[in-house]
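Please open the model in your viewer and keep the sequence panel beside it. The stops below say what to select next and what is found there.

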Amino acid sequence: MKQMNPVGTKIKEIRLKKGMSQEELATDSQVSLRTIQRIENNENEPRGKTLQLICETLDINIEELLDFGKHEDHQFLGLFHLSIILGTLFGVGSILIPLILWMTKKDKINGLQRIGARTLNFQIWWLILMIIIPTIGFVLIFNQGVPDIKVMTSIMLIPIVMMIINAILAIIFAILNFRGKQITYPSIIPMIK
């Protein structure tokens, strides 16, 4: 378990990762530059409205920043992504298995709240697309008369190709998370936050 940084140090790290200067953070968050400097030097700890404004500007959750008993666990984050592969073998398991893992550990592991929500949102939309795309294909084919077996086979391959792409993405994100980079699926349309 890794020792957590003070809030000011975390704010500075996140600000630098986003390529912002202290002046930009102060202007965008409507918090004075001197206050930002004191916070980042761990002379003051942000509270209430100041903390909320800084978090909104940096696009992070207050809970993520404060850690409330959370710890780093890159191994779990990697395994979380790999659970999608196991879940893919069982239909909606690519949603259910990560959902169970996310719900049981999101308050205990740094980054899992955000990674889990994004992963689950992506998996829900991916599953919807895996159902809709072939369905539309079949409807279009059957409206044209007697379907060609090659065309039907091609349409039936779409979900299989999508499952393979999903598995490859899960492996890539798992490797990156094992290495300590909290990278995950893109946020499409957030249904879970």
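Which residues of helix H3 (residues 33–40) are buried? Select the helix and colour it by accessibility: Ile36, Ile39 and Glu40 are the buried ones, where buried means under 20% relative accessible area, exposed over 50%, and partly exposed in between, with a 1.4 Å probe and protein chains only. They lie on the same side of H3, because they cover an arc of only 95° around the axis, the arc being that of the directions from the helix axis to the C-beta atoms. Helices here are DSSP runs (H or I, at least four residues), numbered from the N terminus.

Before going further, note that this is a predicted model, in which local features need pLDDT of at least 70 and side-chain atom pairs count only at pLDDT 80 or more, whereas totals for chains, interfaces and linings use all residues. Residues are numbered from 1 along each chain as its sequence is written, and side-chain values use heavy atoms, with hydrogens and water left out.

Next, show helix H1 (7–17), helix H2 (22–29) and helix H4 (48–58), against which the buried residues of H3 pack.

**The salt bridges**

Select glutamate 40 together with arginine 15, whose side chains meet in a salt bridge at 2.6 Å, N to O; the term requires a side-chain nitrogen of Lys or Arg within 4 Å of a carboxyl oxygen of Asp or Glu. This pair links distant parts of the chain, with glutamate 40 in helix H3 and arginine 15 in helix H1, 25 residues apart. Both glutamate 40 and arginine 15 are buried, the relative accessible area of arginine 15 being 5%. Beyond residues up to four places away in sequence, arginine 15 touches Met20, Ser21, Gln22, Leu25, Glu40 and Leu58, contact meaning heavy atoms within 4.5 Å.

The whole structure holds 3 salt bridges. Another joins the side chains of glutamate 43 and arginine 34 at 3.9 Å, N to O; here glutamate 43 is partly exposed at 47% relative accessibility, and arginine 34 is partly exposed at 39%. Glutamate 45 and arginine 47 also meet through their side chains in a salt bridge, at 3.9 Å, N to O, with arginine 47 exposed at 60%.

**The nonpolar cores**

Now select Ile11, Leu25, Ile36, Ile54, Leu58 and Leu65, which touch the most other members among the 15 residues of the largest nonpolar core. Such a core is a set of buried Ala, Val, Leu, Ile, Met, Phe, Trp, Tyr and Cys residues joined through side-chain atoms within 4.5 Å. H1, H2, H3 and H4 each supply at least two residues of this core, and the largest share, 5 residues, comes from H4. Apart from it lies another core, of 12 residues, among them Phe80, Ile95, Ile115 and Leu120.

**Helix H9**

The buried residues of H9 include Met152, Ile155, Met162 and Phe173, and what covers the buried residues of H9 includes helix H6 (74–88) and helix H8 (112–143).
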